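I am keeping short notes on what I look up in this structure. The entries follow the order in which I checked things.

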Amino acid sequence: MELGQRRGGRAFNPGRVQPGPPFHSRPAKPFHHQPIDREKTCPLLLRVFTKVGAHHTEDEFSVRGKEPKDEVQIYTWKDATLRELTDLVKEVAPEANKKDATLSFAFVYPCKTGRLLVRKVGRTFSHPDPRRPDNGNMSLRDFDFEIGDYLDVAIL
């Protein structure tokens, strides 16, 4: 799969994330989408898989029904920010509460062949610090999240 490609040949716009190393030192600017009325819009089920030390591998998601066991199911909306998700992960994963913890987020989704891919999208720090910018203000929608994608969170 070429850089910038998304399932079904639909292009992922890499211009949404500022250029540089995978995790840049300055926060990316989110796109301005139509706001979601959380009172009137039904939330989606987001399957979140956490792992300490690294992301899960694509092979760990290869058999449907035998996904990694460290799963948390969250009802949320596409406009949920990585900061909101960080706070939810901190409630269920004690390692994420450490002062120096970094949470790396990746989407897990099927490619054209049906194999699941893991694509890193952003990171946050457990305890935000303006001297250490992160992607906490970016939403799932800003990273081209689609309903049905899994979220893999590496706690580093």
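Entry 1, contacts along the chain. I looked at contacts between residues at least 6 apart in sequence, and 68% of them join residues at least 24 apart. I note that the model is predicted.

I find one helix and five strands in the protein chain. Read from the N terminus, the order of elements is β-β-α-β-β-β. Buried residues account for 46% of the 156 residues. I also looked up the accessible surface, which is about 9,000 Å², with 55% of it belonging to carbon and sulfur atoms.

Is S5 enclosed or open? I find that six of the six residues of S5 are buried, so S5 is largely enclosed by the rest of the structure. In a regular strand the side chains alternate between the two faces of the sheet. I checked this in S5: Tyr150, Asp152 and Ala154 point one way, while Leu151, Val153 and Ile155 point the other way.

Which way do S1 and S5 run? I find them parallel, joined by five bridges. Val48 is the residue that stands opposite Leu151 of S5. With strand S3 (residues 102–110), S5 pairs in the antiparallel sense, over six bridges. There, Ser104 has Ala154 as its bridge partner.

In soluble globular proteins, nonpolar side chains tend to be buried together. I looked for such groups here. The largest nonpolar core has 24 residues, and Leu46, Val89, Phe105, Phe107 and Leu151 touch the most other members. S1, helix H1 (82–92), S3, strand S4 (116–125) and S5 each give two or more residues to this core. S3 gives the largest share, four residues. I then took Val89 and listed its contacts, not counting residues up to four places away in sequence: Val48, Thr50, Ala96, Leu103, Val153 and Ile155.

Entry 6, aromatic pairs. How many aromatic pairs are there? I count four. In one of them, the rings of Phe49 and Phe61 have centres 5.2 Å apart and planes at 80 degrees, so the pair is edge-to-face. Phe49 is in strand S1 (residues 44–52) and Phe61 is in the loop between S1 and S2, 12 residues apart. Next I took Phe61 with Tyr150: the ring centres are 5.9 Å apart and the planes are at 40 degrees, so this pair is tilted. It links the loop between S1 and S2 to strand S5 (residues 150–155), across 89 residues. Phe49 and Phe61 are buried, and Tyr150 is buried as well. Ring pairs link Phe49, Phe61 and Tyr150 into a cluster.

I find Arg132 over the face of Phe125, at 4.0 Å from the ring centre.

Thr76 lies in strand S2 (residues 71–76). Why do I call Thr76 buried? Its relative accessible area is 5%, and buried means under 20%. Leaving aside neighbours within four places in sequence, I find Thr76 in contact with Pro43, Leu44, Leu46 and Leu140. One of these, Leu46, I had already listed among the residues that touch the most other members of the largest nonpolar core.

Notes:
Residues numbered from 1 in each chain as written. Predicted model: local features only at pLDDT ≥ 70, side-chain atom pairs only at ≥ 80, totals over all residues. Heavy atoms only, no water. Buried < 20%, exposed > 50% of the residue type's maximum accessible area, 1.4 Å probe, protein only. Contact = heavy atoms within 4.5 Å. Phe/Tyr/Trp six-rings, centres within 6.5 Å; stacked < 30°, edge-to-face > 60°. Lys NZ or Arg CZ within 6 Å of the ring centre and 35° of its normal. Areas by Shrake-Rupley, 256 points an atom, 1.4 Å probe, with all protein chains shown as cover. Pairing = 2+ DSSP bridges. Core = buried A, V, L, I, M, F, W, Y, C linked by side-chain atoms within 4.5 Å.
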